[in-house]
Amino acid sequence: MSPESNPDYLLSAAAVRQRCAIVLQAAERRETKHFRLHLDRLDAAVTRVAAVTRWRYPDLDVPFHSRWRHFSVGDVDRAALIPSDGGPAEQARARLDLAIVSVLLDAGSGPGWQYCEAETVLVLARSEGLAVASLRAMQAGLFSADPANPWRADAVALAAMTAERLGHAFQHGPDNPLLGLDGRALLLRRLGEVIGAIPEVFGKPARLGHLYDYWLPQRGELPAPDLLRLVLRSLGPIWPGRLSLGGVPLGDCGHHSAVPRDGIVPFHKLSQWLVYSLIEPLAEAGFNITDIDGLTGLAEYRNGGLFLDCGVIAPRDETLLQQRLDPFGEPVVEWRALTVALLDRLAAAVRDRLGKNAAEFPLAKVLEGGSWAAGREIAAERRPDGSAPLAIASDGTLF
């Protein structure tokens, strides 16, 4: 098996960046089947992202792109609800519990769903609604098997999750449908089963937050790509119906004809979003997280929509925009790969526009400033419901 065709390589951020770059190079040679590349229009995307960043963060003090931004929607510091009376280590475990569960529930909600937060009477949709719903569900003990300790996500409670209980917590119903509810509940059940089988990582009794204890000996220098590697290796089996190689689940990957040999293009979108969201609680617990730019941009519909709506990429067949696409079909794989590779180019140009260097303004800040918000903004300008320019048949565990 060649080094480029083994699970260890494909379960890495480096593989995401390298394989997506291959697809971009094919597009530059005009060899891609589904999308054309118009790099002369990249400047329009750069201008929009820089403007959105300056509007959202006038002092350019931009935090990392992570789930924690969504928990404070409406200027409410919900993260402060996590109790501290158990000490810093226990609070860090609870923060990891929350981040992991919330990110794994963060696939697109669909345009018809919203969450009404009883405590603030805010009505929230999409990522913010999912974030607040998951936090309030944890506060109520949905993910804990110990009624006396609601702020935790343990294997026993996760493995017993039902669509009914999850749907109730997320206010799902005929008039408020949450996309992919069954898939989300299945994902949590598989999560509970998987972590329960790895006590050397998740402890005994198993709990997501025990990653704090697993990583504690490396707190002096813990590279972000190493966080991703562990997440992918340990949680890979939770993803239903995905690619595998040599018996090892590969998670969020697809096939593209431009990639030689195995043709596999890894994305690891939710897993990288998860790692971005683990950085802050670990850093606040005294960990030194390094090489954050070793992670990549996220192959999801806001970043991808930005490039489509700005005309940087354009479908060769306009009927793609009217179809409901298979998330693992080559058109979507091509779109996602171009998105990841173009985000690196966009990031360099945005830094130049803002007068920042890579050390001051890593990719995680460009995403937050940034590209994700600009993608949402232009989607709202182009379509009444703010949806993505491509429709994906999602099961609630990918986008």
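**Figure 1. The largest nonpolar core of the predicted model.** In this predicted model, the largest nonpolar core has 140 residues. Phe143 and Leu346 are the residues with the most contacts inside this core. Helix H15 gives the most to the core, with 13 residues. Leaving aside neighbours within four places in sequence, Phe143 is in contact with Val101, Leu105, Ser134, Ala137, Met138, Arg152, Ala153, Asp154, Ala157, Leu158, Met161 and Leu188.

**Figure 2. Helix H9 and the helices around its buried residues.** H9 has 16 residues. From its first C-alpha to its last, H9 reaches 23 Å, close to the 22 Å expected at 1.5 Å a residue. The buried residues of H9 are Leu181, Gly183, Arg184, Ala185, Leu187, Leu188, Leu191, Gly192, Val194 and Ile195. These buried residues pack against H5, H6 (126-139), H7 (155-159), H8, H10 (199-202) and H12 (224-235). One of them, Leu188, is also in contact with Phe143.

**Figure 3. The tilted aromatic pair Trp113 and Phe170.** By the ring-centre rule, the model has 3 aromatic pairs. In the pair shown here, the ring centres of Trp113 and Phe170 are 6.4 Å apart and the planes meet at 35°, so the pair is tilted. Trp113 lies in the loop between helix H5 (88-104) and strand S2 (114-116), and Phe170 in the loop between helix H8 (163-169) and helix H9 (181-196), so the pair ties together parts that are 57 residues apart in sequence. Both Trp113 and Phe170 are buried.

**Figure 4. The edge-to-face aromatic pair Tyr212 and Phe287.** The rings of Tyr212 and Phe287 form an edge-to-face pair, at 5.8 Å centre to centre and with 65° between the planes. Tyr212 belongs to helix H11 (residues 211-215), while Phe287 is in the loop between helix H13 (269-284) and strand S9 (289-290). This pair links distant parts of the chain, 75 residues apart. Tyr212 has a relative accessible area of 8% and is therefore buried. Phe287 also counts as buried, at 5% relative accessibility.

**Figure 5. Two arginines over aromatic rings.** The charged end of Arg95 sits over the ring of Trp68, at 4.3 Å from the ring centre. In the other view, Arg336 lies over the face of Phe267, 4.4 Å from the centre of the ring.

**Figure 6. Arg351, a buried arginine in helix H15.** Arg351 is located in helix H15 (residues 330-354). Its relative accessibility is 10%, so Arg351 counts as buried. The side chain of Arg351 reaches the backbone oxygen of Phe361 at 2.6 Å. Not counting residues up to four places away in sequence, Arg351 touches Asp293, Lys356, Asn357, Ala358, Phe361, Pro362 and Leu363.

**Figure 7. Arg353, a partly exposed arginine in helix H15.** Arg353 is also placed in helix H15. With 37% relative accessibility, Arg353 counts as partly exposed. The side chain of Arg353 makes a polar contact with the side chain of Thr47, at 2.9 Å. Residues touched by Arg353, not counting those up to four places away in sequence, are Asp43, Val46, Thr47, Ala50 and Arg54. Asp75 is 278 residues from Arg353 in sequence, and the two are 29 Å apart in space, C-alpha to C-alpha.

Figure 8. The peptide bond from Lys204 to Pro205 is cis, with omega near 0°. Pro205 is in the loop between H10 and H11. Arg30 has phi near 65°, a positive value in a residue other than glycine. The loop that holds Arg30 runs between helix H2 (13-28) and strand S1 (35-37). Arg30 is exposed, with a relative accessible area of 73%. Gln171 has phi near 60°, again a positive value in a residue other than glycine. Gln171 lies in the loop between H8 and H9, where Phe170 is also placed. The relative accessible area of Gln171 is 31%, so this residue is partly exposed, whereas Phe170 is buried.

Definitions and conventions: Residues numbered from 1 in each chain as written. Predicted model: local features only at pLDDT ≥ 70, side-chain atom pairs only at ≥ 80, totals over all residues. Heavy atoms only, no water. Phe/Tyr/Trp six-rings, centres within 6.5 Å; stacked < 30°, edge-to-face > 60°. Helix = DSSP H or I, 4+ residues; strand = E, 2+ residues; numbered from the N terminus. Buried < 20%, exposed > 50% of the residue type's maximum accessible area, 1.4 Å probe, protein only. Lys NZ or Arg CZ within 6 Å of the ring centre and 35° of its normal. Polar contact = N/O pair within 3.5 Å; in protein donor to acceptor, adjacent residues only side chain to side chain. Contact = heavy atoms within 4.5 Å. Core = buried A, V, L, I, M, F, W, Y, C linked by side-chain atoms within 4.5 Å. Expected span 1.5 Å × (residues − 1).
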